[in-house]
Amino acid sequence: MKKYIIDVYIVDDHQLVCEGISDLINQSGQAHVSYTFTTLEACRLALQNRRPDVLLLDISMPDGDGITFCRQIVNDYPKVKVIAITIHDEYSMIQRMMDCGAHGYVLKSSSSEELLEAINSVWQGKEYVSRQVTDILEKGKANSVTLTEVEKNILRLICDGHTNPEIAKELNLSTETVNWYRKRLLAKFDVKNTVGLVRTVFEQKLL
Amino acid sequence: MFNSYYWNNLYIFAVVMKIKILIFCLIVSLTAEAYNDYRNARVDSLEAALKSKNPPKGDDLLRAYDELMRGYLPFDSEKAVEYGRKALALSYIQNGLNIRQNVLRHFGLMYYGREEFGEALRYFNHALAVVDTMATQKRYTQKDLDDARSCIYGAIANVYNIQDKHHLAIHYYQLALPIFEKYNWLESQTVLYHNIGELYFTMGNLQKAEHNYELALKKSEASGDSLMMALAHKGLLHLYVRQDNYEKAHQIAPKCYEYYHAHRTEEAEDYPVVLASMARLNMMEGHKDLSVAQGYAEEAASLADSLVFENQSEIFATCAELAMAEHQWQKALSYALRTIRPDSLATSADASCYRLLAEIYTQLGQKDKACLYISKMYDTMTRYATDHYQSGLSQMEVLYETEKKEAQILQLASERRQHMWLLTLAAALLVAMGIGYCLLIIIQRRKKALLAAKVALEAETKERRILARDLHDGLGGMLSLLRMKTEQGEPSLLPLIDSIHTELRRTAHHLMPEELLKNGLVSALHDFAVSLPNTTFQHIIAEGVTTPLALRRGAGGEAIELVLYRCAYELVNNAIKHAKAEHISIQLMQEPQQVTLTVSDDGKGMQDSKEGMGLQNIRERIMPYHGSINIASVEGQGTDINITLPL
């Protein structure tokens, strides 16, 4: 039986990068790059006539934003699988790209095996993010309401019923500072007043 | 790459100045009747007159020396210096201030011609001081002062221009501008606007460059000077090509080309550069016509031999890029190799030459060489970034010092005036006035310092943004590809490539975090926290804040965000290095009137007697924005550092 060869398009503003990645993919024998584009507009036009199985998409393009483009592709051509291939390893960028319906996210610094694995996985309908990316996503999503040591001390004294001047004296801070911290604690726990604050502390067993 | 323009401008400027001096002398001579005998005399007859039985005396002798100096200047500098010295000596005896400043300025110009710029500056500044003295005497008219000042400012600016001290050069050109405007000297205005435009262009501030070039064009059109019009057109064409603005470049190209083509023998220096711009115009994305581009490029290359190096380099780079667009790699290589400066300085132009070579070698499959040029490019970029930034800051310092001196002069002048009042006013009133005056001076000084710091910060921001983008997007992508290709061929090179890559990304990020530009402070701080171990980020919105991301709105919002981001960077670094913290948290609290950044750690706490460099840096950063630092520490448990900026 003849093996199916995955059809791939590449969009990257550096012609050289397009060609290089094409070579790598074509050499593997598992997939074939039929077109490369250096602008989003060129790719948009080509997609109207013929669609690939997998689209490799660079996020920072000169004529637009890869993220918005990704959302349009996923909406207009649900069968096309989009893999972001980029230099960006920031949490917000990865998150936005995945939110827009990208099927895979590969960093340009990853190995060629990883890229081929990504192409294979998304074509089979799985989501693929490289290992490094998974770590970043997990860490970014973790809930992060924390109290600093200074806040903990002030909160403890508030719960013990001390006034701002007393807390200021105890912790060697100015009254203004303590007052500001009190405001910040209210904002942090999204409560209206000190009573609400104390109740939250006891309910959530924060101290 | 653009140094040759400077020479060209200098020449024009010198011509303009010479004409002005001649007119000025004419006016002076008409007023002095005794001078009539010498009015049209050449150097020989002047000398003969000096040796005659009835030599000129007093002011006339002084003028004779002055004119002899200028007469000898072009062909015999020894004699010129001799007469200059005589004129100088005599001017001290007769208190001929105008001649004195003129002689001093010409001495400066002589040193300038010999490329001894330090000496030249010394003389120019001396001349400026003489003009200041002239201002205190009634016998000189405002026109005398303006004439002298504009010439000296222009000369000083030219020195700074040639020394690549762009900020200072612009500052002095801008001092000369209002004088030219006052007398409506269109030619001089055109030259200055053009020079300023060119400086901004070199600095990468394309917006301001465009503005100044356009002004130059307007003024030259008003004066009908076709040479200056062509210069302005050339600048604009270059700029639009750089901006990839096809429409505007296309509009201006024919006018520019027409002039330079018609005057290609006189403008042998600039004509090939215009050709290169035309070639680039025809290589632009979407309007490609490579055969036309080839025609222009080949003509430019054939003329390139007679040029100074910077322009040659630019032309060969154009040829190389053209060959690359046509996939003729060997040809591209032969051109690209000719772009490299033998005594390489670190400039962004050098870096782009290395980038070309790296691309070509990658394409030719010579990985070792590609790798070599990528690391060379990286080195150059880093060096350029630091040098450029450092020199920018030191120039700001010089400007600030100059302003301080001006304030002192003003202060002295008004103190003198105050003595008059002393006689008439009661002592008590004077004390009260003095206090008020001091307060005013203090406020003014502080305002100036803040302004200087703000300007420096904004300039820094712009330059960094451009560099960061170049590094991150351009070079980063190339490196990734190189890595993938190397994986199969020579795995031994992989660790080197990886370390270059990491270092490059770190530098680019440090120059300008991209997330901050695109999506603002909150997102950038979140990313920053995620990229570090045991670090969390919280965004707290206090009651009364209606729009969560109000920071960006209005002028200066971006600058505030950048300042806060850099503070966070500095503080987290401090916490890791010095406080031995295990957990770090970054918080950003927004209130209706202010925003507070808190970086806290659970480390050993602060010893408040000693404040490290880090905190001092932060104080300097937030000072222009009226920010404040508050440190709250619980001994042995941890520290909160709160930085508050008003909105």
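A residue is taken as buried if 20 or more other C-beta atoms lie within 10 Å of its own. By that criterion, five of the six residues of strand β1 (residues 6–11) of chain A are buried. The strand is therefore largely enclosed by the rest of the structure. The model is predicted.

Two strands of chain A flank the description of β1(A). With strand β2 (residues 31–37) of chain A, β1(A) pairs in the parallel sense, over six bridges. In this pairing A:Asp7 stands opposite A:His32 of β2(A). Strand β3 (residues 54–57) of chain A also runs parallel to β1(A), and four bridges join them. Here the bridge partner of A:Val11 is A:Leu57 in β3(A). Helix α1 (residues 15–28) of chain A belongs to the arrangement as well: β1(A), α1 and β2(A) make a right-handed β-α-β unit.

Chain B has 647 residues, of which 41% count as buried. Its secondary structure comes to 24 helices and five strands. Among contacts in chain B with a separation of 6 or more, 62% involve residues 24 or more positions apart.

The buried residues of α6(B) are B:Ala120, B:Tyr123, B:Phe124, B:Ala127, B:Val130 and B:Val131. Seen down the axis of α6(B), these buried residues fall within an arc of 115°, so they line one face of the helix. An α-helix has 3.6 residues a turn, so residues three or four places apart point the same way. The face of α6(B) turned away from the buried side carries the exposed residues B:Gly118 and B:Ala129. Cover for the buried residues of α6(B) includes α5 and α7 (142–162) of chain B.

Helix α5 (residues 97–113) of chain B contains B:Asn98. This residue has 22 other C-beta atoms within 10 Å and is therefore buried. Leaving aside neighbours within four places in sequence, B:Asn98 is in contact with B:Met134, B:Tyr140, B:Asp144 and B:Ala148. B:Tyr140 is 42 residues from B:Asn98 in sequence, yet the two are 8.3 Å apart in space, C-alpha to C-alpha.

Not counting residues up to four places away in sequence, B:Tyr271 touches B:Tyr260, B:Arg264 and B:Leu303. B:Lys234 is 37 residues from B:Tyr271 along the chain, and their C-alpha atoms are separated by 9.7 Å.

The contact between the chains takes 31 residues from chain A and 38 residues from chain B. On the side of chain B that touches chain A, at least two residues each come from α17 (348–364), α19 (427–489), α21 (514–519), α22 (521–530), β1 (535–541), β2 (584–590), β4 (628–634) and β5 (638–646) of chain B. Of these elements, α19(B) gives the most, with 11 residues. By type, the residues on this side of chain B divide into 17 polar, 11 nonpolar and 10 charged.

Notes
Residues are numbered from 1 along each chain as its sequence is written. Chains are lettered from A and ligands numbered from 1 in the order in which they are written. This is a predicted model: local features need pLDDT of at least 70, side-chain atom pairs count only at pLDDT 80 or more; totals for chains, interfaces and linings use all residues. A residue is buried if 20 or more other C-beta atoms lie within 10 Å of its own, exposed if 12 or fewer, and partly exposed in between; C-beta atoms are placed from the backbone. Two strands pair if DSSP finds at least two bridges between them. A crossover is right-handed if, with the strands pointing away from the viewer, the path from the first strand over the helix to the second runs clockwise. Two residues are in contact if their C-beta atoms, placed from the backbone, lie within 7 Å. Ala, Val, Leu, Ile, Met, Phe, Trp, Tyr, Cys and Pro count as nonpolar, Asp, Glu, Lys and Arg as charged, and the others, Gly among them, as polar. The arc is that of the directions from the helix axis to the C-beta atoms.
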